[in-house]
Amino acid sequence: MVLIRIPKIWEIPEREVTDEDVFLNRRRFVKTLIGAGIGATILPVLGCESKTKSKINPAAGTEDLSSVQRNPKFDKVDRTLTDESLASTYNNFYEFGGTKGIWENAQALPTEDWKVEVKGLVKNPRTYDLDDLQKKFPVEERIYRFRCVEAWAMVVPWIGFPMKQLIADVEPASAAKFVRFTSFYDPKITPGPLHFGELPWPYTEGLRIEEMANDLAFFATGIYGHTLPKQHGAPIRMVTPWKYGFKGAKSIVKIEFLDKQPATFWNSLIPSEYDFEANVNPTKPHPRWSQATERMVGPGPALTWEKRPTLPYNGYGDYVASLYT
Ligand code: MTE
């Protein structure tokens, strides 16, 4: 008799399964971790992902930035731009839920009177409001590839400014070696995917200071010719296109220059799956799936999306490979 072994859901590469299964996959894995002694409470699945979709425009409430000039150095890539209607409704923003369809929940993010505090090992600690950011840092448009660790990919026209301009403004001390970026968090507004158990909020990410100073490292304040919609991380988020998407913390409220590598959200939770460096690397599989190929986010089920080979450093080796030799 031939025994056919049906793989468990967490054994299937994330790109091969539907959105809901991706969600279940991560959820079960985190549950396993919790069961193995992380000590968090498993709360019941609550309704934040099961709301019926409304007809609200996912880019509603954004301001026009269509006159912003595209930087000719980053004016195209060898792939078609992802349709905005797809990019703005297929998001990861765990503060608002554990599925890709969080864009409606994310509209609760309060972006008025936003402030970004920059502190730590710098000569000029500052707290910028949105006006300050606008006045200090002229924006440009850049088309970047975007590669999620889950093996889906997009091509996105970001608007924003290079991170190195902020470095120049705050003047880090020579002892500053790392930078930690912290996202907005208020449990009353950002309940998180409660069924995951306790998570190390707020969402934080980090870079080496040389990575932050690289030409590619970008703070996005806009996308598709307008300010960032909330689900993309309004009003300001990180974009580091040679790294997996989870490095790009959204809705940043604090930036700290540090002498030591900081703990970060996914790396603290599951270090074997999400390393601090997280450079896109087709030859280094994720423990649960290959990273050799990716699917370009498109209409219909994920299995039908165009499959492309993943490029080392997501195609940006000329800019960043020297950082890692
Ligand atoms: N930032 C915060 N604060 N919370 C998150 O859950 N998810 C990350 C990253 N930044 C995340 C975040 C992940 S896993 C990805 S792939 C990208 O955001 C997704 O960005 P997008 O939804 O704008 O495409």
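**Figure 1. The largest cavity of the predicted model.** This cavity holds about 300 Å³ of space. Its lining is made up of 23 residues. Nearest the centre of the cavity lie Asn92, Arg237, Gly245, Phe246 and Lys250. By class, the lining comprises 13 nonpolar, six polar and four charged residues. Strand E4 makes the biggest contribution to this lining, with three residues. Over the structure, five cavities of 30 Å³ or more are counted. Rolling a probe the size of a water molecule over the atoms shows where such empty space is left.

**Figure 2. The largest pocket.** The volume of this pocket is about 550 Å³. Of its 23 lining residues, Glu63, Leu130, Thr221, Thr227 and Pro235 lie nearest the centre. Helix H3, spanning residues 130-136, supplies the largest share of the lining, three residues. The lining divides into twelve nonpolar, eight polar and three charged residues.

**Figure 3. The second largest pocket.** About 290 Å³ of space lies in this pocket. The pocket is lined by 21 residues, and those closest to its centre are Tyr244, Asp275, Asn279, Asn281 and Lys284. Twelve of the lining residues are nonpolar, five are polar and four are charged.

**Figure 4. The largest nonpolar core.** The core contains 79 residues. The members that touch the most other members are Trp158, Leu166, Phe181, Met212, Phe219, Ile255 and Phe257. Strand E4, residues 152-162, gives the most to the core, with seven residues. Strand E4 is also the element that gives the most to the lining of the largest cavity.

**Figure 5. The salt bridge between aspartate 169 and lysine 136.** The closest N and O atoms of this pair are 3.0 Å apart. Aspartate 169 sits in helix H4 (residues 163-170) and lysine 136 in helix H3, so that distant parts of the chain, 33 residues apart, are linked.

**Figure 6. The salt bridge between glutamate 211 and lysine 243.** The N to O distance between these side chains is 2.8 Å. Glutamate 211 belongs to helix H5 (residues 209-213), whereas lysine 243 lies in the loop between strand E9 (237-239) and strand E10 (252-258). The pair therefore ties together parts that are 32 residues apart in sequence. Glutamate 211 and lysine 243 are both buried.

**Figure 7. A network of salt bridges around arginine 308 and glutamate 306.** The side chains of arginine 308 and glutamate 306 form a salt bridge with an N to O distance of 3.4 Å. Glutamate 306, at a relative accessible area of 45%, is partly exposed. Which residues are linked in the network? They are Asp78, Arg79, Arg145, Arg147, Glu294, Glu306 and Arg308. In the whole structure, the search finds 24 salt bridges.

Definitions and conventions:
Residues are numbered from 1 along each chain as its sequence is written. This is a predicted model: local features need pLDDT of at least 70, side-chain atom pairs count only at pLDDT 80 or more; totals for chains, interfaces and linings use all residues. Side-chain values use heavy atoms; hydrogens and water are left out. A nonpolar core is a set of buried Ala, Val, Leu, Ile, Met, Phe, Trp, Tyr and Cys residues joined through side-chain atoms within 4.5 Å. Buried means under 20% relative accessible area, exposed over 50%, partly exposed in between (1.4 Å probe, protein chains only). Helices (H or I, at least four residues) and strands (E, at least two) are DSSP runs, numbered from the N terminus. On a 1 Å grid over the protein atoms alone, a cavity is a set of points where a 1.4 Å probe fits but cannot get out, and a pocket is an open set with protein on both sides within 12 Å along at least five of seven lines; lining residues have an atom within 4 Å of a point. Grid points are joined across faces, edges and corners, and a volume is the space filled by probe spheres set on the points. Ala, Val, Leu, Ile, Met, Phe, Trp, Tyr, Cys and Pro count as nonpolar, Asp, Glu, Lys and Arg as charged, and the others, Gly among them, as polar. A salt bridge is a side-chain nitrogen of Lys or Arg within 4 Å of a carboxyl oxygen of Asp or Glu.
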